[in-house]
Every structure is written in structure tokens, then in C-alpha cells.
Amino acid sequence: MVKFLMKVFLETPRLVLRQFTPDDAQHLLALDSDIEVIRYVDLGMIKEGKPLEKSSEDYQNNILPKWMQYYQQYSGYGFWAAIEKSSQEFIGWFHLRPALDSQFNLSSKFFHADEIELGYRLRRVSWGKGYATEGSRALVTKSFAELGTQCIVSSALAENRASSRVMEKAGLKFELKYVHPEIEREVVKYSLRNPHKNW
């Protein structure tokens, strides 16, 4: 049996962002089983008001292996489990990935090859504590200062004002609003160019 070390990618005053391991399948299943957490991100919820069904095996055999491939492919991009320092509990995840890795972004035609997408998903019990902003700001800073990222982007359904506020607090600026062809709903895109780069 292969042992996976929990490699820390980033720490903030209250969070540890570490690499995922196969043992995190149950954490992800519990996170995505909360209707409020996935209301604005699950395509089943968005299109039909009913979440897409997933099992622990889906996370173990499909989702986590794809996420963990990022650690081999990139030194600084990928998905990271968010751990609350005070409780040592899993509270969700953050990601930085090439924006065009997302089929949702690709099909919109409003994202570009030089853009890195910032995203996150947190348990409902962790909402309202500033964790999304804290993790996002730290990732933006690291991405620009250490990874040479040219542009960070993030998007959300226009009605999801809470996510838009996090993007704004993380320093991203509103870029555009468009109707996504797959879901026929308005989506907002935020972006921030690396201030250390000469354009």
C-alpha cells in the first residue's frame, strides 16, 4: 500500500493549505453533500435544481487522481486541502490552475492561455469567518511573487454576490459579465494582472 505524505503548500495565520491524498475522498464527499455549498457550482443544481450524484468512489477513483496529477505537472499550481489550524479540521479546498483546464471556462470563450484561475470551496460552518479571503489573498501573493503568474482570474454566477465579494477583497477587479452558453445564466469574471510584470 502506497503511503502519501501530506505536503504543505502554503500557510496563513489561520490556515494550512496542503496537498490532497486519497484519504481525503470522504472529506470531499461530505463537503459536496451540502446543498448550500454546491448551490452555485454544481451543474445539476444550476440546470435542474438537483445535484449530480457522486459517491466516495467517484472522488477516490476519478476526481482526486486528476487533482493530484497537478503536483507532478506543476510546481505551484493545483488543488489544496484547507485545514483550520485551531481545530486541525478539513474545512474545504482552494485551487490555482490554468484557466483553460476548466471545460466550463473553455466553452465560454472568455478565458485565455496566460490566465491562472483561482477557486475555492468551503464547508458552510466555515463561512463568514474570512477564510475564503485569507486563503485567496495568500495564493494571489504567492502566485505573483514566486510562480511568475501573469494574470489571475476567477468567476462565479452573477447572483452569487458572496463569491464576488471574496474576489474583490482578494484584489481582483471586475472584468466582464457574460451569459454562459451551457447554463444560460449570467457569469461574472474578475481578473488581476501581475503588478511586478512589465507589459
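**View 1. What covers the buried side of helix 1.** Helix 2 (35-38), helix 4 (56-73), strand 4 (89-98) and strand 5 (115-122) are among the elements covering the buried residues of helix 1, with contact meaning heavy atoms within 4.5 Å. This is a predicted model, where local features need pLDDT of at least 70, side-chain atom pairs count only at pLDDT 80 or more, and totals for chains, interfaces and linings use all residues. Residues are numbered from 1 along each chain as its sequence is written, and side-chain values use heavy atoms, leaving out hydrogens and water. In helix 1 (residues 25-32), the buried residues are Ala25, Leu28, Leu29, Leu31 and Asp32; buried means under 20% relative accessible area with a 1.4 Å probe, protein chains only. They sit on the same side of helix 1 because their arc around the axis is only 160°, taken from the directions from the helix axis to the C-beta atoms. Helices (H or I, at least four residues) and strands (E, at least two) are DSSP runs, numbered from the N terminus.

**View 2. Helix 4 and its kink.** Look for the kink of about 40° at Leu64, shortly before the proline Pro65; the bend is the angle between axes fitted to the seven residues ending there and the seven starting there. Buried residues of helix 4 include Tyr59, Ile63, Leu64 and Trp67. Their cover includes strand 2, helix 1, strand 3 (78-84) and strand 4.

**View 3. Leu15 in strand 2.** Leu15 lies in strand 2 (residues 15-19) and counts as buried because its relative accessibility is 0%. Beyond neighbours within four places in sequence, its contacts include Ile83, Phe94 and Tyr131.

Technical notes
Buried means under 20% relative accessible area, exposed over 50%, partly exposed in between (1.4 Å probe, protein chains only).
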